[in-house]
Amino acid sequence: MTLPLLLLGISIISFMLLNFAPGDAAEITLMRQNGGVAPSPQEVVELRQELGLNDPLPIRYGRWVSNAVRGDLGESYRSGDSIANELLRRLPATLLLAATALALAVAAGIPLGVLAAVNRGTWLDTSCRLLALVGAAVPSYVMAPVLMLFFAVKLGWLPAVGYGSPKNLLLPALALSFGTMAQLMRLTRASVLDVLGQDYIRTARAKGLSERSVVWGHGLKSALLPVVTVLGTSTGFLLGGAVIIESIFGWPGVGQFVIQGISQRDYPVVQGFVLYMAVAFLLINLAVDVSYRWLDPRLHFGGKFN
Amino acid sequence: MTWRTRFLGLAFAILLLAAAACGGSATATPSGSSSSDASSDPTTAPPAEERVLKVAMTFLDEPPDPYRAGWLAVPTGLAETLFKQDESLNTVPWLASGAVQVEPTVWEIFLRQGVKFHNGALMDAAKVKGSLDLALLRRPGTRLLLDVDRVEVKDPLTVVIYTNSPNPILPGLLTNQNTSIADPDTVPASVDDSAEFAAMTGPYKLVSFTADQKMSVVAHTDYWQGTPALDRVEYVAFSQSDTRLIALQSGDVDISINLSPQGAVVVGNDSSLEVRVAAPAGMLFMFVNHESPAMQDSLVRRALAIAVDRDAMAAGVADGNAIPAEGMFPPGFISCQNAGSYAFDPEAARELLAEAGYKDEDGDGIVEKDGKKLELVLQTYPEQPLLPPMLEAFQSMLKDIGVAAKVQIVEWTLASQGGYDLFGYSNDTTTTGDPGWALNRQYLTGGDENRGNFSNSRVDDLIGQLSSASDPAQRQQIACDALRAGQDEVALIPVMFPTRLFGISDAVDWTSGPQAARLYFIDHLIGLK
């Protein structure tokens with residue numbers, strides 16, 4: 001019951017904000033169709049009528065909701081294409097990018113965090129912390145051109161742009177994953193340090209287990225719970241962050257579609273995207289909750305611990 | 001199952017998702033595409049013998065429909081119009097061979113012989129009539145622009161166009177990109193269906209289009225001006241100018257359009273790349289809000305107009321990639337350009353303000369009148385990247401003459417809604433090749449682009465005379481008079497004519513371009529060395 005209410009609330013807020021933003025969707029759409037030449041007032045009036053933009057806001061929202069619950073997110077003002085189809089068509093590219101970025105962030109962030117914790121105070125720890133600092137401080141839209149210039153222009157190892165091969169995927173995924181990787185690294189380091197000081201770790205060591213087994217076998221398991229929580233929210237942010245990265249790399253995902261929807265005041269496109277992001281965030285959070293039980297059998301829903 | 005197995009399972013699931021999505025590249029092709037391409041990777045090397053040009057565009061967000069998206073179909077060499085603009089931005093025949101205005105509301109258009117559509121069919125009067133009828137039917141804007149009553153076939157190579165009112169510039173209007181000619185028999189019957197795969201007449205024909213991603217065209221070997229120099233052109237879309245620049249630097253594309261002035265400097269410093277500059281076709285200027293209290297006094301408006309250091313704007317804001325503008329039209333377009341002459345003179349500007357009653361009574365550097373400081377609101381929009389820095393530079397120039405100003409970055413459509421004193425704006429003033437078109441839109445009371453609500457009876461009268469004058473010399477004279485009258489009243493404040501910048505690799509052989517008119521880009525001559 002909470003889920004539909006949340007989605008309803010999000011859709012109302014986004015619909016209101018979009019419609020209160022300055023700018024006339026009809027005029028912007030026509031300007032584009034005219035090749036940059038402003039349309040005549042009569043053209044604008046006709047298109048506003050055609051798009052239903054003259055109707056009161058509640059009527060327009062009601063119309064949108066009644067269609068959305070049937071899976072119809074409307075049509076793009078610019079192209080006339082179905083928003084649901086356009087989002088679905090572009091979603092694989094966005095998911096590919098976000099999933100690869102997530103995999104890179106997990107594959108690098110968690111092991112480096114453990115290594116930094118185990119080697120606390122050494123050069124390795126300092127290097128990892130420095131990397132984490134850079135990752136946290138440099139936004140992905142700055143990292144992206146830096147990576148492009150270095151790996152594509154300077155070294156010529158990877159294509160700067162394009163879509164369809166693993167080589168094309170690497171740079172955008174790296175740029176997108178960097179911040180999340182840094183966050184996971186810092187969190188894993190702190191969490192592992194915390195766990196390594198606990199009694200059961202001392203007991204494991206006293207039993208004569210190897211340090212590798214103690215850290216990777218016993219310590220990391222407990223340390224991962226907070227990491228998984230962050231991983232959930234990070235996944236949502238990766239999907240959102242992909243919008244900017246896609247725009248920079250010309251990646252044909254949802255992002256390019258939405259950025260142009262925003263600049264062209266293509267309200268149905270933006271509204272559809274907001275709904276998609278809201279559903280994604282809610283589902284990811286649900287998945288994170290479920291994964292707690294999966295990762296730690298002591299946890300039971302209902303707040304009861306064994 | 002241990003927790004490690006579970007964790008590995010989770011990681012595997014993520015990678016599986018990635019792999020599944022990777023396989024989804026084929027599904028990323030829109031249903032509208034007629035064919036899938038050999039490779040979806042613009043960086044994939046073509047067969048050695050094939051001459052392929054790769055071009056980074058700004059947008060590929062709608063298919064190149066000749067009637068609705070001529071802005072894409074014409075520059076990419078797919079579609080052509082009956083008339084076009086030449087290097088001097090004058091209207092010249094293209095698919096037409098000439099035109100005669102036989103009556104104030106009747107034009108006879110003579111067609112070129114031997115023009116073949118992409119499907120091999122010959123262009124004749126019946127096809128052109130059918131195409132023009134479809135252009136009028138499929139886009140209301142075209143109907144409004146042309147104001148055509150009907151099109152008739154006179155003989156196999158002549159169409160007669162009847163307009164609803166006297167129209168001396170119809171050939172100029174037929175340079176509009178959405179009046180492109182296509183074989184009407186190949187256009188989808190439903191107006192809701194896009195017509196990008198209709199047979200057009202340009203040197204290249206469409207093979208595939210994937211929205212926001214890429215477009216592929218191949219040579220039209222029966223092209224009426226000769227065989228195109230390339231076998232194929234691949235277009236990719238990058239909305240960010242930095243990405244277009246990097247794609248050029250990395251060799252992923254051969255041409256990048258719309259470089260930023262800063263990007264042009266980078267390209268200029270690379271020995272394997274070259275900057276090509278297109279002559280300006282439009283201007284950056286400021287709308288004067290003629291309903292704002294501060295702008296009611298023509299002395300104040302003139303003071304502001306001569307407070308603009310246009311040389312500094314062109315050299316500083318545009319990094320030298322602009323020409324100072326004292327009039328509405330770029331050099332060479334009209335015989336009396338810069339008729340009003342707003343030469344930079346801050347001292348004279350201060351005197352004009354004093355004459356208007358503005359003095360700095362309290363010594364804070366800002367002039368006042370009746371105890372009220374002269375503080376202006378300058379608005380502009382960010383989509384034209386030169387506009388915000390242009391207004392910031394003007395803000396400091398205004399301070400120099402004792403006028404305070406605040407700069408606001410807003411949505412461009414707000415230029416029609418008041419709330420400002422001056423609004424930085426960008427406009428093509430040379431479309432149609434006739435000065436009457438821009439004067440009509442920007443100076444006429446109630447004109448489509450008269451966003452500052454300028455109104456002057458003498459200017460209106462002169463623009464009215466233009467609608468009935470057909471002799472070119474007479475039209476130039478009336479246009480000059482109207483231009484002068486508008487500038488005397490400071491209808492708007494011109495600042496500069498920006499040039500358009502292209503970055504090309506040294507492999508590109510482009511002796512035919514770039515052309516001044518924004519609409520023309522790829523022709524049959526552009527090739528590879």
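In what order do the strands of the open sheet of chain B stand? The order is E14-E20-E13-E19-E17-E18, six strands with mixed pairing. This is a predicted model, in which local features need pLDDT of at least 70 and side-chain atom pairs count only at pLDDT 80 or more, while totals for chains, interfaces and linings use all residues. Residues are numbered from 1 along each chain as its sequence is written, chains are lettered from A and ligands numbered from 1 in the order in which they are written, and side-chain values use heavy atoms, with hydrogens and water left out.

**Confidence**
- The model scores ipTM 0.75 and pTM 0.80.
- Chain B has a mean pLDDT (the predictor's confidence in each residue, from 0 to 100) of 87, and 90% of its residues reach 70 or more.
- Over residues 12–43 of chain B the pLDDT is below 50, and this stretch has 58 contacts (heavy atoms within 4.5 Å) beyond near neighbours in sequence.
- Where pLDDT is low, the predicted coordinates should not be read in detail.

**The sheet**
- Strands (DSSP runs of E, at least two residues; helices are runs of H or I, at least four; both are numbered from the N terminus) pair if DSSP finds at least two bridges between them.
- The edge strands of chain B, each pairing on one side only, are E14 (322–324) and E18 (404–409).
- E14(B) pairs with E20(B) (residues 492–498) in the antiparallel sense over 3 bridges, and B:Ala322 stands opposite B:Pro498.

**Helices**
- Helix H9(B) (residues 310–317) packs on the sheet and touches E14 and E20 of chain B.

How values were computed: Axes fitted to C-alpha atoms, helices over the stretch in contact; angles between N-to-C directions.
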